[in-house]
Amino acid sequence: MSKKEIVNNKVSKTFCILPWIHVSTKTNGEMKLCCVAPHPPPQHRESLSLASTESGLRKFWNSDYIKTVRVQMLKGEMPPSCQKCFKEETSGVNSKRIWETAFWSRRVSIDELVANTKENGAVPEKIQYMDLRFGHLCNLRCVMCNSHDSSSWIKDWKIINPQIKDDRLRETMGWHNEGRVGGASYEWYKNPEVWSDLLSRIPHMQRLHIAGGEPLILKEHFEFLEECIRQGYAKNIMLRYNSNGTYIPEKVLTLWQKFKYVRFGFSLDSFGAMNSYIRYPSKWADIGENLRTLDNTPSNIEVAMECSVQALNMYYLPEFIQWKLSQDFKKINAYPLGAGLINFHFVHNPAYLNVKTLPTPVKNAIHDKVEKLIVWLEERFAGNQEFLEHDYGIKRLRSMVKFMYSEDWSKRFCEFQEYIALLDKTRGTSLEETFPEFYEILYPHMDESS
């Protein structure tokens with residue numbers, strides 16, 4: 001199923017396959033539609049948490065919340081929880097709704113899913129795709145992250161939070177009740193009943209998405225993989241990861257060989273010191289070594305460089321792409337994956353790091369650089385029509401620029417300024433030294449908002 005077919009789907013123009021096959025957990029055990037969807041409405045959050053033995057996957061699967069979403073989609077309405085995808089699509093971006101529906105439409109029958117949907121949105125309980133986040137244990141403190149998704153962030157949060165002057169920044173950075181909203185817990189998976197329920201889903205599972213925290217440092221992640229192997233279903237399961245790639249244990253490489261397919265999303269937001277600043281305090285030498293290790297893995301393992309596009313790195317995406325192409329990797333984003341370039345997705349939140357927050361002159365400078373990159377790519381790949389027309393190549397770059405311009409959030413730029421200043425003060429880092437050319441363009445606007 002193509003992008004055009006999904007947008008003009010015979011079911012409806014707002015249909016997404018995920019509410020029929022998928023569940024997504026947060027680090028504290030709360031559940032939601034998918035990893036890019038916001039929290040469920042407040043009245044649903046406590047009942048949709050795996051931290052409670054009275055809830056669980058079964059209760060979520062046909063909860064009023066998700067049944068309403070299914071009905072809205074079948075009617076062609078846009079569910080409020082899905083606005084991020086629809087906003088990206090208006091800029092020409094292939095959203096998660098589009099690529100997930102395309103992927104799964106080749107593996108399950110949409111007609112059958114719809115036919116088995118009751119008038120109130122209830123469907124048979126057969127979860128084929130799970131997104132599991134076993135707590136917030138992590139070894140990094142990424143700039144766009146927070147204490148909810150990284151245990152290492154707590155130290156910096158305790159220093160920064162009392163110093164914040166902007167009320168909106170304080171609210172955005174809030175860590176309400178230390179993540180224990182509605183009985184949530186970062187150790188939700190240690191509940192024996194919940195763990196047993198998860199393991200019972202393995203026979204029906206086609207894809208398992210594992211993120212964190214950092215999954216490759218968590219023993220429960222390994223235990224889950226070992227149970228998939230023990231039950232004899234690993235050969236039917238596709239694994240998908242989001243990992244910071246700072247630690248690639250030999251054990252995981254051995255386990256992966258038992259699975260049908262592994263898609264390892266290596267989270268990189270630039271190269272060299274810029275990546276170390278954003279994904280603090282990672283070491284670029286370690287990253288380079290692990291990239292080479294993954295570039296020589298068995299054929300059932302696919303490696304994708306996943307870049308979180310945000311205010312700090314969009315200016316340097318042209319250099320990042322050119323660096324990637326200069327490395328001559330054998331399998332990392334090998335064509336056609338990401339058009340042979342890099343996989344990009346937007347940081348929607350926190351809002352002060354969203355590319356829409358950048359002042360217009362800064363956006364214009366980014367636009368100019370991207371257009372020069374496009375000319376460079378057109379010359380490099382002249383005659384390669386397949387690349388030139390690839391959805392995730394030049395088209396993707398232009399849609400990203402369009403998304404950046406789609407809304408003016410520059411009123412929140414003062415939050416960006418205060419946040420970066422506090423971060424640099426706390427960590428001993430320097431925006432000016434790490435991103436010098438960008439800083440020169442940014443600095444007048446930072447002055448104006450101070």
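# Briefing: sheet, core and loop details

V23 has M130 as its bridge partner in β3. Three bridges link β1 to that strand, β3 (residues 129–133), and the two run parallel. Here helices (H or I, at least four residues) and strands (E, at least two) are DSSP runs numbered from the N terminus, and two strands count as paired if DSSP finds at least two bridges between them.

This is a predicted model, so to speak: local features need pLDDT of at least 70, side-chain atom pairs count only at pLDDT 80 or more, and totals for chains, interfaces and linings use all residues. Residues are numbered from 1 along each chain as its sequence is written, and side-chain values use heavy atoms, with hydrogens and water left out.

**The sheet**

- Eight strands make up an open sheet with mixed pairing, in the order β2-β1-β3-β4-β5-β6-β7-β8.
- At the edges sit β2 (31–32) and β8 (343–346), each pairing on one side only.
- Helix α19 (residues 394–405) packs on this sheet, where it touches β7 (301–309) and β8. The direction of α19 makes about 15° with that of β8; axes are lines fitted to C-alpha atoms, for helices over the stretch in contact, and angles run from 0 to 180 degrees between N-to-C directions.
- Strands of a sheet pair through backbone hydrogen bonds, either parallel or antiparallel.

**Strand β1 up close**

- On the β2 side, β1 (residues 22–25) runs antiparallel and is joined by two bridges. S24 has K32 as its bridge partner in β2.
- β1 and β2 form a hairpin with five residues between them, and G29 in the turn has a positive phi of about 90°.
- H22 and S24 point one way from β1, V23 and T25 point the other way, and all are buried. Buried means under 20% relative accessible area, exposed over 50%, and partly exposed in between (1.4 Å probe, protein chains only).

**The nonpolar core**

- The largest nonpolar core counts 138 residues. Such a core is a set of buried Ala, Val, Leu, Ile, Met, Phe, Trp, Tyr and Cys residues joined through side-chain atoms within 4.5 Å.
- Helix α17 (residues 360–380) supplies the largest share of this core, seven residues.
- L208, F224, Y241, W256 and Y419 have the most contacts inside the core.
- Take Y419: setting aside neighbours within four places in sequence, Y419 is in contact (heavy atoms within 4.5 Å) with V143, W153, L169, M173, Y352 and L353.

**Cysteines**

- A search of the whole structure turns up zero disulfides, a disulfide being a pair of cysteine sulfur atoms within 2.5 Å.
- C145 counts as partly exposed because its relative accessibility is 22%.
- C307 isn't in a disulfide either, with the nearest cysteine sulfur, that of C142, 12 Å away. At 0% relative accessibility, C307 counts as buried.

- E100 sits in helix α7 (residues 96–105) and is buried, with a relative accessible area of 0%.
- Not counting residues up to four places away in sequence, E100 touches I17, L18, Y129 and R207.

- The peptide bond from G212 to G213 is cis, with omega near 20°. G213 belongs to the loop between β4 (207–211) and α12 (219–231).
- Another cis peptide bond joins Y335 and P336, with omega about 15°. P336 is in the loop between α16 (317–326) and β8.
- D328 lies in the loop between α16 and β8 and, though not a glycine, has a positive phi near 55°. D328 counts as exposed, at 63% relative accessibility.
- N333, also no glycine, has a positive phi of about 50° and lies in the loop between α16 and β8. N333 is buried, with a relative accessible area of 0%.
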